[in-house]
Amino acid sequence: MELATVALFLVAGLASLFMAWVIGAGSSGATPFAPAVGANAISTMRAAFVVGILGLAGAVTQGANVSEAIGSGLVGGVSLPASGVILVLLIGAGLMAIGIRTGYPIATAFTVTGSVIGVGLALGGSPVWPKYVQVGAVWVLTPFVGGGVAYGIASVLPRENVPEAYSIPLLGALVGAVLANVNFTMLGPNGTAGSIAGAVARSLELTGLPATVAITLAAAAGIAVLVTWDVRRDQAGGLRRFLLALGSLVAFSAGGSQVGLAVGPLMPLLDDVGTIPPIAVLAGGGLGILVGSWTGAPRMIKSLAQDYSSLGPRRSIAALVPSFLIAQVAVLLGVPVSFNEIVVSAIIGSGAAVGGGGAVDARKLGLTVGAWGASFALAFVLGYGAVVVLPLP
């Protein structure tokens, strides 16, 4: 291998680590626990610490799908050279850093996706329209689905005819059923990705859909019983602990989704290096997210928790349930998704259910939506224009 190739790969790796740090300091590190901090269930600094650990775990166990999509699924017929990877990551990280500096949540998925497509097309690649349709559908539907589900849950939880001793365990059962069926690295046969339900079925020597359904129902029932016991024993404490559990799951999902935005562009380069396994790259990205969460996330956590909506434990639970579900769907599909968009939409929906329009800062919301759209367009233009003006080696 030529020395120049090694040097470019090392620089690309450093750019990837910087991107991972920015993700941890911004979207991945801030949004999962912002509702819990807003509800005074956990302090800002403790939330940043916990989300970093869980983000690392999610990156290693669930990061492969989105990493593959970013690395090779957005542009056809061309593989980004190391210099192109560096350019993509610097554009994405630079725009994210601006968002962190100004306190507005620039969408990481939008900046990285825009820059990858811009650079790839400028290098002569072809558009992958089916993937663009899939990504665009997730991006467009997320605010409506996340905000709508959060609005519905937040509208039901305060009702006297829906006791929280039943409604909260029901939500716990739903989350438990989904968690039992999401894929994790190494849980499948022969070291492939697989679900907890599938692993349990194999250990019991059971096969077929009925076995999976039975295990899923057992997991949901177990979570429901545990949450019921906790809420009936101590309602306020039970709500707080359930909220923190949801925040933990969202933080874990954030690591699995967002690490692909940092290390995905590196994946095609591994064929040239040949000695670095993909799991090591995912772990490195996860460590970058962890450090970013610990050192840079508190500012954004505070911004989200205090500026977007007046939250209590019930509205925060309503925000995090759809956030977890949407995040896992995105990980399953391998779609780069913005956690800012997911959680902010859910926060707005849950806050509006109880507080009406006065619970939401309309000016902040408008600026945020504008920043989301502008970040994709600007990243695309910068990526495409940089390749045209300064041809990559």
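Colleague: Is Val-225 buried or exposed?
Modeller: Its relative accessible area is 58%. Buried means under 20%, exposed over 50%, and partly exposed lies in between (1.4 Å probe, protein chains only). So Val-225 is exposed.

Colleague: What pLDDT do side-chain atom pairs need in order to count?
Modeller: Residues are numbered from 1 along each chain as its sequence is written, and side-chain values use heavy atoms, without hydrogens or water. This is a predicted model: totals for chains, interfaces and linings use all residues, local features need pLDDT of at least 70, and side-chain atom pairs need pLDDT 80 or more.

Colleague: Which helix holds Val-225?
Modeller: Helices are DSSP runs (H or I, at least four residues), as are strands (E, at least two), and both are numbered from the N terminus. Val-225 lies in helix α11.

Colleague: Which residues does Ile-168 touch?
Modeller: Contact means heavy atoms within 4.5 Å. Residues up to four places away in sequence are not counted. That gives Leu-157, Val-227, Val-231, Leu-239, Phe-242 and Ile-317.

Colleague: Is Ser-115 buried or exposed?
Modeller: Ser-115 sits in helix α7 (residues 108-122). Neighbours within four places aside, its contacts are Val-88, Ile-91, Ala-379 and Phe-380. Its relative accessibility is 0%, so Ser-115 counts as buried.

Colleague: Where do the buried residues of α10 pack?
Modeller: Ala-197, Gly-198 and Ala-201 are buried in α10. They cover an arc of only 100 degrees around the axis, so they are on the same side of α10. That arc is taken from the directions from the helix axis to the C-beta atoms. The buried residues of α10 pack against β4 (194-195) and α11.

Colleague: Is Leu-204 buried or exposed?
Modeller: Leu-204 lies in the loop between α10 (196-203) and α11 (209-233). Its relative accessibility is 53%, so Leu-204 counts as exposed.
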